[in-house]
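Subject: Structure handover

Hello,

Here is the structure you are taking over. My notes on it follow below the entry.

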Amino acid sequence: MSPGFEPGGKKNFLQLTDKDGEQPQIASVTDSSGMDDSSQERLIGPLPRDGTVGCSGDYSSSSYSYSSILNKSETGYVGLVNQAMTCYLNSLLQTLFMTPEFRNALYNWEFEESEEDPVTSIPYQLQRLFVLLQTSKKRAIETTDVTRSFGWDSSEAWQQHDIQELCRVMFDALEQKWKQTEQADLINQLYQGKLKDYVRCLECGYESWRIDTYLDIPLVIRPFGASQAYGSVEEALQAFVQPETLDGPNQYFCERCKKKCDARKGLRFLHFPYLLTLQLKRFDFDYTTMHRIKLNDRMTFPEELDMSPFIDVEDEKSPQTESCTDSGAENEGSCHSDQMSNDFSTDDCVDEGICLDSTSSTERVLKPKNLLTFELFSVMVHSGSAAGGHYYACIKSFSDGQWCSFNDQHVSKITQDDIRKTYGGSSGSRGYYSSAFASSTNAYMLIYRLKDPSRNAKYLAVDDLPEHIKTLVLKEKQSEEQEKRQREIERNTCKIKLFCVHPVKMMMESKLEVHKDKTLREATEMAYKLMEMEGVVSLDCCRLVKYDEFHEYLERSYEGEEDTPMGLLLGGVKSSYMFDLLLETRRPEQVFQPYKPGEVMVKVHVVDLKTETIASPISVRAYLNQTITEFKQLIAQATGLCAETMRVVLERCYNDLRLLYVPNKTLKAEGFFRSNKVFVESSELTDHEVAFADSLLWKLLDRHGNTIRLLVLLPEQSPGTNRTLCQKVGGDSDGQEGDRKCVEAILEKSTEKLKSLSLQQQQSSSTSDSQKSSDTSDFEHIESPNHDVDSNSSLHVAADSRELENRIRTPAGSGAGNSSDPDNHFTCEERSDSEVNNDRSTSSVDSDILSSSHSSDTLCNADSGPIQLANGLDSHSITSSRRSKAHEGKKETWDTAEEDSGTDSEYDDNGKSKAEAQYLYFRAEPCSQDDVSLDTQKCLVIHVDKRITLAAFKQNLEPYVGVASTQFKVFRVYANNQEFESVRLNETLSSFSDDNKITIRLGRALKKGEYRVKVYQLLVNEPEPCKFLVDTVFAKGMTVRQSKEELLPQLKEQTKLDLSIDRVRLRKKTWKNPGTVFLDYHVYEEDISISSNWEVFLEVLDEPEKMKSMSQLAVLTRRWNPATMKLGPFQEVILESSGVEELKEKLSEISGIPLDNLDFAKGRGTFPCDISVLEIHQDLDWNPKVSTLNVWPLYICDDGAVVLYRDSTEEPLELSEDERNELMKKESSRLLKTGHRVSYSPRKEKALKIYLDGGPAKDSGHD
């Protein structure tokens, strides 16, 4: 968190530093050396709102100066860089560093590298940090090595924690690391105190007590339920030791009296630590709002604190007292028994005050009083709220008594007035709401040191450091100097993008890092080695030129500047450049062409109309003020073409071709820019006499600009997979004739294959019912195309007039005959997986959401207006409005639905193939052996005009697949190898690009009004309730019963399920949730909205269907047994209405629970609404006060809702703590396996941990 940010404040302090924490050297505007401390500009933390402290953040100050704030020499101290939100860590580390006893003890510890890895050694990394804080010349240093020794990764830097929690955890870690060393008991010697937790009987005087240890004393800011806060630390300490009386129902059972008696319970301090830590408990919980809050009330603290009034100076130990654990609940969690310390015997009770082993027992009563004065030296301040904030530390140096603010990388001098501003609160009275209007910047932790000249240590000077620390100082100094030299080199290094057209590796890209003083000649040699040109091209044949990658433009060359420094050539050292460098190469016999500034580069493609080929580009440089005539002369010199008959065509952008025919017009006027592309043709053909738009040149360029290269993988079953006879199509007539023979050979093979397929099908279908549809399988009746090879183009295959069977039966009551609608003879396809990826030239967002006229996902009738959404759900379907529209007549008709359904036909209104309307370029060739990623026996390379429709593209593929276009499907392969079917036949291939992959799979395409449907089995009482069965086809106008009649034989054949039509039902599927039950008389697209890639549930019934009407409601119920902590199986209940009373009556009927004792609740989440058994009894909303099911909080408006019920008289099972924990683990494991969220024991904050083994265990299942 930014150290200069004050939430809600009006000013922000902007600090300018480099990445190493060093400040820019900017001279002061005015000399502030003469100012006294009160007028000095200081930074002590987040800027106060009154602007009286830290006013250096105010840029309106006329005496603003960097040096008065940032210069390290002013304080002599080094700051710590905030990694992200590590201000709490920085504050604690600076406090420990400024504690002489801790720093000196840490220096005395010697690291043994043979015993431990220095990277994971916490004491060693602290040593290094302290050495740098004492000796570094930087303004601020990093703490990443320290946090790495904690086992933290980069994510920990973004977790803010409590500074007191960090102190505890770090001390525990240090004690673990210091075992078996002289520093093993250092933390206890410096920070640990002892107190007595006692209960005294007021009748007999018997006292039960125990001795606890503590590392800090938590002081309450405002007592629970009180309207005023404590005004000072002394007042809070007095309240801490104030005993409470246990009387009335809270009486204490006295072991001596053998009865409950009034008693006094409290705490007494027996021993104060040398370093006394006080935590001001400013974070509390508001039970009104149920949120954490911060108490900003004013609490004063003295510079010197006398602790003698709080010490237990009387030896009240009685021989009859015994140690016990009844310390009460008030102090639980406040003072703790330190498990790392030694166990104390009962004799420790006489050790009062500060340990004075050399004094007599008479002095023990007097000296603690004189020696219990502590002086304040560290105030750790928090600014912000309970949700987050910023920490910084105000610390006093014991060497000169100067207070400084350590705010991450900023260290500045402060005064006692600044310390007093951290008391918190406001100037008004301390009322209950005063905290809300008080400053959010206040003291949170205070650290005092005992005033004892015999023990008070001084900071070790560098000359007095132990030898191993001196070695470390020297090592760190050398490392810092090396880093500084490296940083200086970095500051003088030019870093620029470098490109190279490598003779072997093609275009290469790298980054050239060259010192600004290196010459162009030396930089060229460095680029030569960087691009691995040694042994390929000689150094003399290479040069560096200025290059614009975006426009592929060579801006200029550097002739005669080989000895010029790169810093001068590139315009200085910059973080980024607006241009790049290109390492240009030439052949030994060639000479480098000079590139002058102001020239434009033109890529010239020579077009040969006779062979209909376009050559690779030749680079020509010209000037914008040249005329077209001059430009033609320039091209003639480069290409050898005749300038008089030359035609020049400029491609300004994609598909924008302009013939340059005005001789005196300049290139600039024609739209030339830095990099340009032209096509030139010079022949004596009469093509130049016709209009350019009608010329062969235009057609050739138009085809060239729109042709893409596709890689097509054919199915293994395809008869045309053996294409070794095919040769690459050439430009002459012989090549075309050879290609025609190739196609004929493929067709011959296809015919033989199809004959065998047809024979097999006739044999397999000889016993089938002739009245049933033959289209239940995608692989039935694969038709063979009847090809008539066109003499003008061997690869243009016209579709024959084929007649497809109509599988849509007439509705019930109209007979069993087939529909005579002629539209049903049109071949069409549906859209597939548009909600995941759309096969259009638009963005990945499905354009069907924006349009309602081209897709089968758009429902047909404009009157009722139900619009299909991209995920297959609808906004006005039978599910959402089934109750209100149960008996409403449908307005749309068959013809209207067919017209607007959005499915595409391969044929126009005259029955003629749409592919014949306009011939577009299509050329096939076998894959080259160079492409090792594809099986050349199964792959074709297709060169095709991307303006071709999918229907025409499929018809051109027919001879290679070996079946009619209606019998195979086209799948587009994306970068992640996911495949999605392309099904909109009227759309073009404009969304495809070069080298896109396409997979062809056999399978019948859909007819008009048909939809591909995935059928899943619903198993409500199985661990996995959703099981995929088959893919099938439903058609518009088909009834649910008709779809079941066609589905059941398919299920029997493919899944071995032999089902009765009266014992199965179909119902809506929304993800895994079962929904509306479809009745037999429902008609698809009239009563049931259907879309492409639709999914339905098939449910096997134990008895004939009970759902007969749309007004009924099917609810899934489940009994909860609190006594056994178990759920019963699902049972379906059919309701005639939406009344709660009917539901309760049905539940009472199936369970035997009396109505008065029956509780019910709606299940949470998605089906099967699985939650932990530990949550069911308390967390669900049992017995909502409603009379109908379709209102809040139930909202049961459709079939498939889950309702739990119980017997209210059944008592829940009582679990021990161990049993509860064991059950919690089992439930957690069960819910994780089923994919349901475990919602109990939530923890929003990440626990603070220091890992002694170098890092957390990599357990994927552990949160």
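Counting rings of Phe, Tyr and Trp (its six-membered ring) as a pair if their centres lie within 6.5 Å, the total is 25 aromatic pairs. Planes under 30 degrees apart are called stacked, over 60 edge-to-face, and the rest tilted. This is a predicted model, in which local features need pLDDT of at least 70, side-chain atom pairs count only at pLDDT 80 or more, and totals for chains, interfaces and linings use all residues. Residues are numbered from 1 along each chain as its sequence is written, and side-chain values use heavy atoms, with hydrogens and water left out.

Aromatic pairs

F272 and F374 are edge-to-face, because their ring centres are 6.4 Å apart and their planes stand at 80°. F272 sits in the loop between β9 (263-271) and β10 (275-281), while F374 belongs to strand β15 (residues 373-385), so the pair ties together parts that are 102 residues apart in sequence. Strands (E, at least two residues) are DSSP runs, numbered from the N terminus. F272 and F374 are both buried, where buried means under 20% relative accessible area, exposed over 50%, and partly exposed in between (1.4 Å probe, protein chains only).

Y974 and F980 also form an edge-to-face pair, at 5.7 Å centre to centre and 65° between the planes. Y974 has 19% relative accessibility and counts as buried; F980 is buried as well, at 7%.

F272 and F374 belong to one aromatic cluster together with Y214, F240 and F269.

Charges over rings

The criterion here is NZ of Lys or CZ of Arg within 6 Å of the ring centre and within 35 degrees of the ring normal. The charged end of R268 lies over the ring of Y198, 3.6 Å from its centre. R1001 is placed over the face of F971, with 5.1 Å to the ring centre.

Nonpolar cores

A nonpolar core is a set of buried Ala, Val, Leu, Ile, Met, Phe, Trp, Tyr and Cys residues joined through side-chain atoms within 4.5 Å. In soluble globular proteins, nonpolar side chains tend to be buried together. The largest core has 107 residues, and those touching the most other members are M170, F269, F272, F301, V379 and L446. Leaving aside residues up to four places away in sequence, L446 has contacts (heavy atoms within 4.5 Å) that include V233, L276, F301, L376 and V379. Another core lies apart from the largest one and has 27 residues, including V712, L714, A924 and V961.

Strand β43

Strand β43 (residues 1094-1100) has five of its seven residues buried, so the rest of the structure largely encloses it. Strands pair if DSSP finds at least two bridges between them. β43 pairs with strand β39 (residues 1010-1018) in the parallel sense over five bridges, and Q1017 has L1098 of β43 as its bridge partner. Strand β41 (residues 1064-1070) runs antiparallel to β43 and is joined to it by five bridges; V1064 is partnered by V1100 of β43.

Cysteines

How many disulfides are there? With a disulfide taken as a pair of cysteine sulfur atoms within 2.5 Å, the count is zero. The closest cysteine sulfur to that of C404 is in C394, 9.6 Å away and therefore too far for a bond. For C500 the closest is in C542, at 6.9 Å, again too far for a bond. C404 is buried at 1% relative accessibility, and C500 is buried at 0%.

Regards

Technical notes: Helix = DSSP H or I, 4+ residues; strand = E, 2+ residues; numbered from the N terminus.
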